[in-house]
Amino acid sequence: MARSAILNVMVQAAMKAGRSLSRDFGEVQNLQVSLKGPGDYVSQADRKAEEIIFAELSKARPGYSFLMEERGAVHGDDDQHRWIVDPLDGTTNFLHGIPLFSVSIALERQGQIVAGVIYNPGMDELYTAERGGGAFMNDRRLRVAARSKLTDAVIGCGVPHLGRGHHGNFLLELRNVMGEVAGIRRMGSAALDLAYVAAGRMDGFWEANLSAWDIAAGLLMVREAGGFVSDMGGGQDMLDDGTVVAGNEAIHRTLLKTLKKPLPPR
Ligand code: IPD
Ligand code: CA
Ligand code: CA
């Protein structure tokens with residue numbers, strides 16, 4: 001499978017950061033961990049991975065702008081291009097020795113996501129997508145699952161936790177969805193959740209209170225695998241709105257509707 005020059009740059013950066021994360025994952029107990037907020041840790045490994053990605057991408061494409069989780073917005077001379085980077089998505093998993101975490105890099109051109117890379121070093125799975133060029137896991141082309149009924153579907157979600165998200169809203173959404181589906185999963189890396197939808201491992205996914213770097217690459221991954229993505233209102237404002245619903249056309253449509261089912265009268 002031939003990759004474009006820009007995708008190669010992104011893959012190199014993601015894999016180099018991934019190797020650094022893998023080394024630190026092996027020594028997770030020895031990491032100096034600082035508390036960013038309850039349940040939301042940021043580690044030395046996280047910052048090191050972000051430095052690697054920043055250095056690699058700046059060297060390959062000087063002037064491009066950045067939006068990175070730790071560094072925030074970096075305005076380059078070229079404001080038509082922006083890298084959107086989460087160096088470690090799934091920090092809580094990482095710190096608990098659960099090998100479900102990822103590096104996520106997206107490239108936005110004139111406000112449109114045109115390339116995405118998600119790398120899970122724990123399983124050595126590399127997900128890549130380019131606008132109009134399809135999505136791949138390692139060398140295998142990806143296609144979203146074909147199941148069309150929610151009753152057969154395994155749906156991923158994000159669960160808000162201490163100090164994060166709207167717990168009441170989530171419980172209503174969960175109540176609506178759990179009675180209609182074959183299974184619900186909470187993986188702990190929104191980037192991987194979307195990659196798994198693209199790979200047909202999960203039939204759908206929803207989550208709220210996300211940041212652009214959690215989902216930018218994953219949104220393209222799902223679209224390029226033939227899937228549908230929207231915000232919870234059914235629009236395309238996911239990066240700013242921080243909500244996402246994903247699946248094949250039928251699952252996306254029904255999941256969107258099911259999430260918003262009104263409460264039955266008492
Ligand atoms: C988190 C993960 C998680 C999601 C959280 C995110 P982080 O990112 O994507 O799956 O539920 O909302 O903040 O903190 O591990 O980079
Ligand atoms: Ca994240
Ligand atoms: Ca992160």
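I looked up the shell around ligand 1 by class and found 3 nonpolar, 4 polar and 8 charged residues; Asp, Glu, Lys and Arg count as charged, Ala, Val, Leu, Ile, Met, Phe, Trp, Tyr, Cys and Pro as nonpolar, and the others, Gly among them, as polar. This is a predicted model, in which local features need pLDDT of at least 70 and side-chain atom pairs pLDDT 80 or more, while totals for chains, interfaces and linings use all residues. Side-chain values use heavy atoms, without hydrogens or water.

I then listed the neighbours: 15 residues surround ligand 1 (a heavy atom within 4 Å). The closest are Asp89, Gly90, Thr91, Arg164 and Glu207. Strand S5, residues 78–89, gives the most to this shell, with 3 residues (strands are DSSP E runs of at least two residues, numbered from the N terminus).

A polar side-chain atom of Asp89 is 2.7 Å from one, and Arg164 has a side-chain N or O atom at 2.9 Å. For Glu69 I noted 3.5 Å. The protein covers 91% of the 380 Å² of accessible area that ligand 1 has on its own (Shrake-Rupley, 1.4 Å probe).

Last, I looked at placement. Ligand 1 lies between domain 1 (5–141) and domain 2 (150–259), because both give residues to its shell; the bounds come from an automatic or database domain assignment.

Methods
Residues numbered from 1 in each chain as written. Chains lettered and ligands numbered in written order. Polar contact = N/O pair within 3.5 Å; in protein donor to acceptor, adjacent residues only side chain to side chain. Helix = DSSP H or I, 4+ residues; strand = E, 2+ residues; numbered from the N terminus.
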